[in-house]
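Q: I have a model open on my screen and want to learn how to read it. Where do I begin?

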Amino acid sequence: MRWLVSLIVAVVSVVSAAAQAPADAPRVDGADGIVQRVSAAERSKQIADERANVESRYQIGQMERVLEGAVEHGATITRDRLKSVLPPGDTLMNGENARARGFRLEGYGVFFDVIVPPFETETTLSWSIRTLDQNALGLDSALKVLESHVKSQGDTDLDQALRRVELQVNPAMLAAQSAPVVQGAGTATGSAAAANVDVPAPPADPILNDPNEAYRTEVVAALKDAMLAHSSSLGIGEQDWLTIAARANEDRPRLAPADSDSRTRVIRLRGADLLAYLARQIPKEEALRRIEITVY
C-alpha cells in the first residue's frame with residue numbers, strides 16, 4: 001500500500017505544479033534547443049519596445065518629408081530671385097526632388113542625410129553673359145562690336161542672327177543704356193523727365209555674383225528653420241545631437257552649371273539647446289546662433 005500512496009502523492013505534486021505555472025507564459029525554443037519561458041512582464045516590455053520603435057520610425061519619416069520640403073522651399077526662393085533679374089524662361093530649376101533619410105543612432109541622437117538637387121539654366125549663353133558682366137556694360141560693348149562686324153561683312157544672315165540675339169536680351173536693360181540724358185527739362189520739379197532721371201535704378205541682386213552660393217544659403221536657412229520648428233516629436237535628449245548632412249547630388253546633369261564648392265554641409269544642434277528653445281527659455285535668434293555648421 002505504501003507504494004500506492006507514494007504514487008498518488010507524486011501524481012498530485014505534478015498536477016499541482018502544472019496548475020501553478022502561469023498560463024500566459026508561452027514556450028520559446030532557444031537557439032541552443034533549450035525550452036525557455038517568457039514571463040508576462042518581459043512580453044509586455046517587448047510589445048512596448050516594438051511600439052516605441054514603430055512610433056520613432058514614423059516620426060523620423062515625418063521629419064524626412066519636412067526636410068525635403070525645406071530644400072524645395074530654398075530652391076523656390078532661389079528661382080524667384082533669379083526670375084526677378086533674368087529674362088523670362090532664362091532660368092529653370094532642375095527637375096529632381098530633394099531626398100532625405102533619417103537614422104536614430106544609439107548614444108548620439110538623430111542623424112539625417114539630405115540630398116540637395118542642383119539647379120540648371122535653360123540658356124547657358126545668356127547666363128554666362130550676365131554672370132561675367134552683371135552691370136551690362138560689357139554686354140553693350142559686345143553688341144556694338146558685333147554690330148560693327150556684321151555691317152562690315154554685309155551678310156544679311158549674320159544681321160538677322162544678331163537681331164535675334166538682341167531680342168533675347170532684356171529690352172528694358174538696353175533701353176536704359178541707350179536712353180539719352182535729358183537736360184534742363186529733367187530738372188523741373190514734377191516733370192516726366194525728372195521722374196525718369198531722379199528715380200535711382202534698383203540695385204542688382206547679389207545672387208548674380210555667385211548663384212550657387214546663394215542657393216546653398218537659402219537651403220541651409222530653410223533646414224535650420226525646419227530643425228527648430230518640427231523636431232519636438234523626435235525625442236531628442238539633452239545629451240543628444242540633431243544633425244543634418246546636406247550634400248549635393250553627385251549625379252549632376254550635363255547641362256547643369258558646375259558647382260566647384262559642392263561640399264557637404266553638416267548642420268547640428270545639441271539636444272540641450274533644442275530643448276531650451278522648445279521650452280521658450282531662449283529666443284529663436286539665439287537658437288539659430290547655436291546651430292553649428294561645418295563644411296567638409
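## Reading the model

A: Begin with arginine 280, which counts as exposed because its relative accessibility is 78%. Keep in mind that this is a predicted model. Arginine 280 belongs to the loop between helix 9 and helix 10.

Q: What is the phi of arginine 280?

A: General idea: most residues other than glycine have a negative phi. Now the case here. Arginine 280 is not a glycine, yet its phi is positive, about 60 degrees. This residue comes just after helix 9.

Q: Which residues of helix 9 are buried?

A: They are Gly271, Asp273, Leu274 and Ala276. The cover over them includes helix 8, strand 7, strand 8 and helix 10, which spans 284–290.

Q: How many helices and strands does the protein chain have?

A: The protein chain has 10 helices and nine strands. It runs to 296 residues, and 31% of them count as buried. Now look at contacts with a separation of 6 or more: residues 24 or more positions apart account for 71% of them.

Q: Which residues have the most contacts inside the largest nonpolar core?

A: Leu67, Phe112, Val114, Leu223, Leu242 and Ile244. The core has 32 residues. At least two residues each come from helix 2 (40–85), strand 5 (109–116), helix 8 (211–230), strand 7 (241–248), strand 8 (265–270) and helix 9 (271–278). Helix 8 gives the most, eight residues.

Q: What is leucine 223 in contact with, leaving aside its neighbours within four places in sequence?

A: Its contacts are Leu67, Ala70, Val71, Ile244, Ala246 and Ile267. Leu67 and Ile244 are also listed with leucine 223 among the core residues with the most contacts.

Q: How do I describe two packed helices?

A: Two packed helices are described by the angle between their axes and the distance between the axes. Take helix 2 and helix 8. Their angle is about 145 degrees, and their axes are 8 Å apart. The crossing is right-handed.

Q: Which residues of helix 2 and helix 8 meet?

A: Helix 2 brings Met63, Val66, Leu67, Ala70, Val71, His73, Gly74, Ala75, Ile77, Thr78 and Arg81. Helix 8 answers with Ala214, Tyr215, Glu218, Val219, Ala222, Leu223, Ala226, Met227 and His230. Here is the idea for reading such lists. An α-helix has 3.6 residues a turn, so residues three or four places apart point the same way.

Q: Where is isoleucine 115 found?

A: In strand 5. Asparagine 97 is 18 residues apart from isoleucine 115 along the chain, and their C-alpha atoms are separated by 8.7 Å.

Q: Where does glutamate 106 lie?

A: In the loop between strand 4 (99–105) and strand 5. Glutamate 106 is exposed, because its relative accessible area is 81%. Aspartate 240 is 134 residues apart from glutamate 106 along the chain, yet their C-alpha atoms are separated by 9.3 Å.

Q: How many aromatic pairs does the structure hold?

A: A pair of aromatic rings is described by the distance of the centres and the angle of the planes. In this structure there is nothing to describe that way: it holds zero aromatic pairs.

Q: What sits over the ring of tryptophan 241?

A: The charged end of arginine 268. It is 3.7 Å from the ring centre.

Note on methods:
Residues numbered from 1 in each chain as written. Predicted model: local features only at pLDDT ≥ 70, side-chain atom pairs only at ≥ 80, totals over all residues. Heavy atoms only, no water. Phe/Tyr/Trp six-rings, centres within 6.5 Å; stacked < 30°, edge-to-face > 60°. Lys NZ or Arg CZ within 6 Å of the ring centre and 35° of its normal. Core = buried A, V, L, I, M, F, W, Y, C linked by side-chain atoms within 4.5 Å. Buried < 20%, exposed > 50% of the residue type's maximum accessible area, 1.4 Å probe, protein only. Helix = DSSP H or I, 4+ residues; strand = E, 2+ residues; numbered from the N terminus. Contact = heavy atoms within 4.5 Å. Axes fitted to C-alpha atoms, helices over the stretch in contact; angles between N-to-C directions. Left-handed = near helix turned anticlockwise from the far one by under 90°.
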